[in-house]
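Please look through the sequence and the model shown below before reading on.

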Amino acid sequence: MAIERTFSIVKPDAVGNNKIGAIYSRFEDAGLKIVASKMLHLTKEQAEGFYAEHSERPFFGALVGFMTSGPIMVQVLEGENAVLAHRDILGATNPAEADAGTIRADFATSIDENAAHGSDSLESAAREIAYFFSTEELCARTR
Ligand code: RTP
Ligand code: MG
């Protein structure tokens, strides 16, 4: 098993619903360690850059509007197979299709406002971590 780092966002809907702690508990209960964390209110340019891969999709404007609608929490999670482990507890993009007990099943209201983000590959994780954090902000969790 490889120790990986992945990137996570608690999105504006979940922050607004006071679910930061509840969602962080899901990470910790799954054995994922938080190694960096901060609150941000994204600018339009930051949100567009983060989701650039979707810039030609019909939902892009709504996605950027939602992601800039309020503060978010961004964090780096570390653990065994962290990318896939995190996607597993996140659940499907559309909460109506998410497995029971997943973050999106429990905290999301729609495909557009779906509570949290998780990197979809190690390559995405590296890009997304570097988008929001300097290496000095990533802490070693040795105990
Ligand atoms: P995320 O990047 O936010 O973790 O979500 P994801 O990997 O599960 O889904 P992705 O395909 O990367 O889409 C990014 C966000 O765009 C919105 N979306 N809407 N209406 C639609 O068909 C549609 N498809 C995607 C979702 O809010 C999704 O989280
Ligand atoms: Mg995605």
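This is a predicted model: local features need pLDDT of at least 70, side-chain atom pairs count only at pLDDT 80 or more; totals for chains, interfaces and linings use all residues.

His86 is found in helix H5, which spans residues 82-90; helices here are DSSP runs of H or I with at least four residues, strands are DSSP runs of E with at least two, and both are numbered from the N terminus. With a relative accessibility of 0%, His86 counts as buried, a word that stands for under 20% relative accessible area, while exposed stands for over 50% and partly exposed for what lies in between, using a 1.4 Å probe and protein chains only. Which residues surround His86, once its neighbours within four places in sequence are left aside? They are Thr6, Phe7, Ser8, Phe27, Leu32, Leu77, His117 and Gly118, where contact means heavy atoms within 4.5 Å. For His117, which is 31 residues away from His86 along the chain, the separation between the two C-alpha atoms is 9.5 Å.

Residues are numbered from 1 along each chain as its sequence is written, chains are lettered from A and ligands numbered from 1 in the order in which they are written, and side-chain values use heavy atoms, with hydrogens and water left out.

Seen as a whole, the chain contains seven helices and four strands, and along the sequence these elements follow the pattern β-α-α-β-α-α-β-α-α-β-α. The radius of gyration is 14 Å, close to the 15 Å that the globule rule gives for 143 residues, so the chain is as compact as a globular protein of that length; the radius is taken over C-alpha atoms, and the rule is 2.2 Å times the number of residues to the power 0.38. Along the principal axes, the C-alpha atoms fill a box of roughly 45 × 35 × 25 Å. Buried residues account for 44% of the 143 residues, and of the contacts with a separation of 6 or more, 78% are between residues 24 or more positions apart.

The interior can be followed through its nonpolar cores, each being a set of buried Ala, Val, Leu, Ile, Met, Phe, Trp, Tyr and Cys residues joined through side-chain atoms within 4.5 Å. The largest nonpolar core has 20 residues, and those with the most contacts inside it are Phe7, Ile9, Met67, Val74, Val76, Phe132 and Phe133. Two or more residues of this core come from each of strand S1 (3-10), strand S2 (33-40), helix H3 (44-50), helix H4 (60-67), strand S3 (72-80) and helix H7 (122-132), and the largest share, five residues, is given by H4. Val74 is in contact with Phe7, Ser8, Ile9, Ala36, Ser37, Lys38, Leu40, Phe132 and Phe133, leaving aside its neighbours within four places in sequence. Apart from this core lies another, of 17 residues, among them Val15, Ile23, Tyr24 and Leu77.

Two further residues belong to elements already named. Gly79 lies in strand S3 and, at 7% relative accessibility, counts as buried; not counting residues up to four places away in sequence, Gly79 touches Ala2, Ile3, Glu4 and Leu32. Lys44 is found in helix H3, where, with neighbours within four places in sequence left aside, Lys44 is in contact with Val64 and Thr68. The C-alpha atoms of Lys44 and Thr68 are separated by 6.4 Å, although the two residues are 24 residues apart along the chain.

The loops deserve a look of their own. Most residues other than glycine have a negative phi. Asn18, however, has a positive phi of about 60 degrees although it is not a glycine, and Asn18 lies in the loop between helix H1 (12-16) and helix H2 (20-29). Ala115 also has a positive phi, near 75 degrees, and is found in the loop between helix H6 (103-107) and strand S4 (116-118). Are these two residues buried or exposed? Asn18, at 70% relative accessibility, counts as exposed, whereas Ala115, at 0%, counts as buried. Asp112 is found in the loop between H6 and S4 and is partly exposed, with a relative accessible area of 45%.
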